[in-house]
Amino acid sequence: MDEARLVTHLSGKRVVLGVTGSIAAYKAVSVLRALRCAGATVSVVMTKAATKFVTPRTFEVLSGERVVTDLFDAHEPMAHLTIPERADVVLVAPATANFLAKAALGLADDVLTTMLLSARCPVIVAPAMDGDMWTHPPVVQHVQTLRSRGVVVLDPEVGPLASGQIAQGRLSEEPKIVAAVDSAMASRCDWQNQVVLVSAGPTQEPIDPVRFLSNRSSGKMGYAIAAAAKARGAEVILVSGPSSLSPEPGITTVRVNTAAEMADALFRHFPTCTVLIMAAAVADFRPKESFAQKVKKQGKTDMVLELEATPDILAMLSARRTSQIMVGFAAETEHILSHATDKLNAKGLDLIVANDVTQTGGGGFGSDDNAAIILSARGEQRDLGLMSKRRLADEILTAVHELCLVRPCQKVLVQ
Ligand code: CTP
């Protein structure tokens, strides 16, 4: 492990170390020591079962802080809220099969699992258990669920286990665990000093007081990008069309309905942002006339609705940019790359995230997953396979960071 890297990202950070009841609990002691050596402050939270393997006093002496083991802790009655609120990262090592199940289901029957529900920082989990348990279908499923929510679950290592079996189930080695915490801290800080303006969701264009034109966008992609940017240290302003989703705490949110309202909100915030990520599915057309009263059937068998184009918000903002990085989305059903490239050039963008909204296998509108291809104005292409929208959001931010923020885009037209 590169010591310099550790000092860079862990120094001054507060890690919550959760320890659960596995024989590998003794290894958490050296993880704690390594985190402390790297400059982190560590608060230890133990389950009752963990205290059967290692005493809280061991962690107390080495961390220099009280160890919390009880939801009804007399000294800190709201520990499940106050501890994660101060945390930069939560690490659970070792994590038992029982802990994975409770965390995946959102159960809150002890201080550690209750705390996880209020944690808004990155969560890293290092499981340890017998080989047959690690491959048991419910355990596999719980790991998948946690990963799809953005939790980093480290694969246990193959080796001799407490049962005598040689299989996959050993707690990851201490340097690997510390490296995972370090890299969570590194990526957490890379959007500091950025003001990110994100649009999300559909727009609704009224026909009359009860009817509107809209599209299938749920807002999940834009909300995931806003959450990921916030978690990585950015100041985030989210302009959201109608959506049932709630933004994460700390994100300034402006709710709008129509394309015109979305344009107004974005124009207002654009001058102070450093990056615009336009994930909204803005309606391209709206009724030329919106009726004040409900349109009656009056025996008609057909009806013609006259539409007019809405403003292309992204193209208009791009024409007014000063130094902002501009990222668009291309929702396509065919010729994905050529259509996305045309939009990248026509709208004067730095990056475009192209996705096939007809794809089978879980991606597209309303789904929790998505697959995308990122194209840059310099001609770079990154294929991001099917993954959770939350993870894709992080990949998009990483691409924007690497391709545009670290190495400013020189705009060239892509053929
Ligand atoms: N967009 C916008 N204003 C519009 C329409 C789209 O700002 N009136 C933005 C979207 O938020 C997206 C990008 O432009 O970031 C591309 O949107 P998309 O719907 O894929 O393409 P359109 O430009 O609408 O073109 P088409 O409908 O022909 O595919």
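1. Salt bridges. The structure, which is a predicted model, holds 17 salt bridges. One of these pairs joins the side chains of Glu157 and Lys176, with an N to O distance of 3.9 Å. The two partners are 19 residues apart and link distant parts of the chain, since Glu157 belongs to strand E6 (residues 157–160) and Lys176 to helix H9.

2. The protein is divided into domain 1 (3–189) and domain 2 (195–406), and 6 residues from domain 1 and 7 residues from domain 2 take part in the contact. The centres of the two domains, taken over C-alpha atoms, are separated by 37 Å. Between them domain 1 and domain 2 bury about 490 Å², with 46% of that area on carbon and sulfur atoms. How many salt bridges are counted between domain 1 and domain 2? The count is 0.

3. The largest pocket: position and volume. Why does the largest pocket lie between domain 1 and domain 2? The reason is that both domain 1 (3–189) and domain 2 (195–406) give residues to its lining, so the pocket is placed between them. The space in the largest pocket comes to about 1,700 Å³.

4. The largest pocket: lining. A total of 49 residues line the largest pocket, and those nearest its centre are Arg149, Gly150, Val151, Arg390 and Asp394. By class, the lining divides into 24 nonpolar, 10 polar and 15 charged residues. The elements that each supply at least two residues of this lining include helix H6 (111–118), strand E4 (123–127), helix H8 (137–148) and helix H14 (389–405). Helices H9 (174–189) and H10 (220–231) are also among them, and H10 provides the largest share, with 7 residues.

5. The second largest pocket. The volume of the second largest pocket is about 730 Å³. Its lining is made up of 32 residues, of which Ala280, Ala281, Val282, Phe329 and Ala331 lie nearest the centre. At least two lining residues come from each of H10, helix H12 (313–319) and strand E16 (325–332). The lining of the second largest pocket consists, by class, of 15 nonpolar, 11 polar and 6 charged residues.

6. Surroundings of Ala231. Ala231 is a residue of helix H10. When neighbours within four places in sequence are left aside, Ala231 is in contact with Arg188 and Arg390. By contrast, Ala103, which is 128 residues from Ala231 along the chain, has its C-alpha atom 20 Å from that of Ala231.

7. Backbone points to check. Is the peptide bond from Ala93 to Pro94 cis or trans? This bond is cis, with omega near -5 degrees, and Pro94 lies in strand E3 (residues 89–95). Asn193, in the loop between H9 and strand E8 (195–200), has a phi near 75 degrees, which is a positive value in a residue other than glycine. For context, most residues other than glycine have a negative phi, and most peptide bonds are trans.

Technical notes. Residues are numbered from 1 along each chain as its sequence is written. This is a predicted model: local features need pLDDT of at least 70, side-chain atom pairs count only at pLDDT 80 or more; totals for chains, interfaces and linings use all residues. Side-chain values use heavy atoms; hydrogens and water are left out. On a 1 Å grid over the protein atoms alone, a cavity is a set of points where a 1.4 Å probe fits but cannot get out, and a pocket is an open set with protein on both sides within 12 Å along at least five of seven lines; lining residues have an atom within 4 Å of a point. Grid points are joined across faces, edges and corners, and a volume is the space filled by probe spheres set on the points. Helices (H or I, at least four residues) and strands (E, at least two) are DSSP runs, numbered from the N terminus. Ala, Val, Leu, Ile, Met, Phe, Trp, Tyr, Cys and Pro count as nonpolar, Asp, Glu, Lys and Arg as charged, and the others, Gly among them, as polar. Domain bounds come from an automatic or database domain assignment. Contact means heavy atoms within 4.5 Å. Buried area is the accessible area (1.4 Å probe) that two parts lose on being put together, summed over both. A salt bridge is a side-chain nitrogen of Lys or Arg within 4 Å of a carboxyl oxygen of Asp or Glu.
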